[in-house]
Amino acid sequence: MKVFDLSIVIPIYNEEDNIADLYQEIVEALSGENISYEIIFVNDGSKDKSEEIINEIGAKNPIVKGLHFKRNFGQTAAMAAGIEAGTGNLLGFLDGDRQNDPNDIPSMLKEFSNGYDVVVGWRKNRQDAVVSRKIPSKIANYLIRRIGKVEVHDLGCTLKIFKRELIQDIKLYGEMHRFIPLYAEAAGGRIKEVVVNHRARVAGETKYGISRTFKVILDLIVVKFLLHYSTRPMHFFGIFSFSFFLMTVGCSFALMLHMYLHKISMIQSPLLVLSSVFLSLSVNSILLGLISELLMRTYFSGNEKTSYNIKERVNF
C-alpha cells in the first residue's frame, strides 16, 4: 500500500454539479507543491449522479479514490471512513459543496513546519445565510469554546488538516466531526487557526439548518464527558450524588428544626418528601456511576465496530 504525504477526505451527498470542478481545483492548487497526495471522495448515499462522476474521475486518475456508502450515514460517518481508508501522514478535510477553497491548502500545510499538529480554517468572512447558518454557528462555536476550553473561532469549518497519529484512533459518531480538534488537543496536539477563503455555494443545496445547533449541543455534552470522565465516570456521577446527599442532609435538618419549633408531625411537612427524593437521586447517581464504570470497561475491551457500511471501494 502506497503511503502519501496527504490524504484529502471529501464527504459527498448529492453534489453531482460540484465534484468535477472541486477535483480540478484541488489538482491546480497542489500542482506547485512537492508532496504526494490522494483524494478520497466519500459518497454518503447520494441519490444523484455523484457515484458515477466519482467513478469516472477515479478511472482517469488513480490518486482519486471513492468510498460509496449503502445509504446516508451522515458527515461524521463519512469522515470516519475517510480517516480509516486514507494512508497519508497528514489528513485533510474539505466540504463537497466548493465553499471551502482548495487554494488555502498550501498555506495551511506550511504551518506544520512551525511545529503545529493541527491546522484549522476560520471562515472569518462567511458567505452563508445569517439566520439559518451564521447565527447558529456562532452560538455553537461559543458553547464549544466555553465548555471544551479550545480557543478556536470556527470549529464548524470542515477545512482542517491533522497529523494522522492524533486522530487515527478517534471513534466518531453522531455530529462529532466538528469536535476532532478537542480530541487532538486532549492528546497533546498544538492547534493553529488560519483565516481561509469562504465562497458562496454555486450549485446544489445546503444540507444543514438551524436544527443542527441542538444536535451539536447534545454531542458537546457527550464529548465533554468522554474527554474528561471516560476513564472515571464514577467521578462525574459522584459529583451529582454528593450534591444530592448534601440536599438530603439540608432538608432533613430543616425538617427536624421545623418539628422542634412548630411542634408538628413529620408527615405534615413537604420537607420529608424532598429529603426522600434527594436521597433517592443520590443513590441512583452512585448506581449510574457503577453501571458506567462497567460499560466503559466493556467499551475499552470490546470489538472494533464502525458507524457505516461501504457498498463499493474505488481505486483501493
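Which strands does helix α1 (residues 19-29) lie across? This helix lies across β1, β2 and β3 (64-69), and runs at about 160° to β2. Angles like this run from 0 to 180 degrees between N-to-C directions, with axes as lines fitted to C-alpha atoms, for helices over the stretch in contact.

Before going on, a word on what you're looking at. This is a predicted model, where local features need pLDDT of at least 70, side-chain atom pairs count only at pLDDT 80 or more, and totals for chains, interfaces and linings use all residues. Residues are numbered from 1 along each chain as its sequence is written, and side-chain values use heavy atoms, leaving out hydrogens and water.

**The sheet**

Helices (H or I, at least four residues) and strands (E, at least two) are DSSP runs, numbered from the N terminus. Eight strands make an open sheet with mixed pairing, in the order β7-β5-β6-β4-β1-β2-β3-β8. Two strands pair if DSSP finds at least two bridges between them. At the edges stand β7 (191-195) and β8 (310-314); each has a single partner strand, so one side of each is left without a neighbour in the sheet. On average, neighbouring strands of this sheet are turned by 20° against each other, direction ignored.

V9 stands opposite I40 in β2. Helix α2 (residues 50-60) packs on the sheet too, touching β1, β2, β3 and β8, where contact means heavy atoms within 4.5 Å. The direction of α2 makes about 155° with that of β3.

**A covered helix**

Helix α3 (residues 75-85) is mostly covered, with 10 of its 11 residues buried. Buried means under 20% relative accessible area (1.4 Å probe, protein chains only), exposed over 50%, and partly exposed in between. Among the buried ones are Q75, M79 and I83.

**Rings**

The whole structure holds three aromatic pairs. Rings of Phe, Tyr and Trp (its six-membered ring) pair if their centres lie within 6.5 Å; planes under 30 degrees apart count as stacked, over 60 as edge-to-face and the rest as tilted. Here are two of the pairs:

| Pair | Centre to centre | Angle between planes | Type |
|---|---|---|---|
| F69 and F73 | 5.5 Å | 85° | edge-to-face |
| F244 and F278 | 6.4 Å | 20° | stacked |

F278 is buried, at 18% relative accessible area, and F69 counts as buried at 2%.
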